[in-house]
Amino acid sequence: MKAWRVHHNGEPREAMRLDDIATPAPGAGEVLLRVRAAGVNFPDALLCRGQYQVRPPLPFTPGVELCGEVVEPGAGVTGLAPGDRVISPAALPAGAFAEYVVVPAAGVLPAPAALDDAEAAALHVGYQTGWFGLHRRAALQPGETLLVHAAAGGVGSAAVQLGKAAGATVIGVVGGAEKAEAAREAGADIVVDRHTEDFVAVVKEATGGRGADVVYDPVGGDAYARSTKCIAFEGRILVVGFTSGTIPAPGLNHALVKNYTILGLHWGLYNTHDPAAVRRAHDDLTRLAAEGSVKPLVSERLPFTAAAEAVQRVADGRTVGRLVVLP
């Protein structure tokens, strides 16, 4: 089979190479999937650079989520049959940018019927992250104000949709007119172009000076620092990632004086610590997809040969919504 592999760390377009390798076989408790679609995520770029919290041994295949078709369940696997359409996180070092993958059966979930392959592939990481962040960590309530950074990206647009589904007023921050339109399409009530507007002033004006109840921040850097200037009393700042490349150093004295909470979110840990919660979140996301409340904003469906360039574009911040690779 063909698989993209990283033989040395570096920028994705240089580090990723398309190889011919043996098709894997599932072991006990595993399942072999034919990849129908693989979502492209910022962690894929970090994996290529050797900067992700998980550092698989070289060579490895990036790609952290997929929609696939069951080919062969391994020994002891029940509830999965050949032909089943499913979604799953990939099992590094054998990631999703391949024609076939083997994954633990315990993490395999039915693909929502309301979504096509590309949309289903883009649902898992971004929407699970948003669901756990907004509901489990920040306890977002109807009527609250949610500020979402990078609101036109895959993770940000998911948070916008989930915030609206939860009954919040959503303010999305983006960089540029094209991204502003994407954030509006995702459902943001107010969109701020950070190139021409000050989101702190917009948030204060929109909330009558109170500030945002929840901040969803996958960016870090200046986005985090300025969010502390418009966080509400008893507000919650969700630290989701650092696409800016700068990890903030929070002033805990400021959190004390303004009475807000800083919450970290590493969604992948729930697969280990509370997999039942991941399934409950998936069931809720499937319901929301069936209702039309959430739908991944897939901006491009790309051929398998374009995977390295797709990861590079995400790394460079030159995308809107989610890119999906179709083997």
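Q: In this predicted model, what makes F199, V200, V202 and V203 of helix α7 count as buried?
A: The cut-off for buried is under 20% relative accessible area. F199, V200, V202 and V203 are the buried residues of α7, which spans residues 199–206.

Q: Why is D198 called a cap of α7?
A: A polar contact needs N or O atoms within 3.5 Å. A side-chain oxygen of D198 lies 3.0 Å from the backbone nitrogen of V200, and D198 caps the N-terminal end of α7. After the helix comes G208, with a positive phi near 65 degrees.

Q: What makes a set of residues a nonpolar core, and which residues have the most contacts inside the largest one?
A: Members must be buried, come from a set list of residue types including Phe, Leu and Met, and be joined through side-chain atoms within 4.5 Å. The largest such core has 97 residues, and M16, F132, L146 and L238 have the most contacts inside it. A second, separate core of 17 residues includes L147, V192, F199 and A255.

Q: What does F132 touch, leaving out residues up to four places away in sequence?
A: F132 touches R137, L265, W267, Y270, A277, V278 and A281.

Q: Why can helix α4 be called largely enclosed?
A: Eleven of its 14 residues (α4 runs 124–137) are buried, so the rest of the structure largely encloses it. Among those buried residues are H124, Y127, W131 and F132. Just past α4, A139 has a positive phi of about 50 degrees.

Q: How do you know that β15 is mostly covered?
A: Four of the five residues in β15 (322–326) are buried.

Q: What makes β3 and β14 pairing partners of β15?
A: Pairing takes at least two bridges. β3 (30–39) has two bridges to β15, in the antiparallel sense, with G39 opposite V324. β14 (298–303) has five, in the parallel sense, with V298 opposite R322.

Conventions
Residues numbered from 1 in each chain as written. Predicted model: local features only at pLDDT ≥ 70, side-chain atom pairs only at ≥ 80, totals over all residues. Heavy atoms only, no water. Buried < 20%, exposed > 50% of the residue type's maximum accessible area, 1.4 Å probe, protein only. Polar contact = N/O pair within 3.5 Å; in protein donor to acceptor, adjacent residues only side chain to side chain. Contact = heavy atoms within 4.5 Å.
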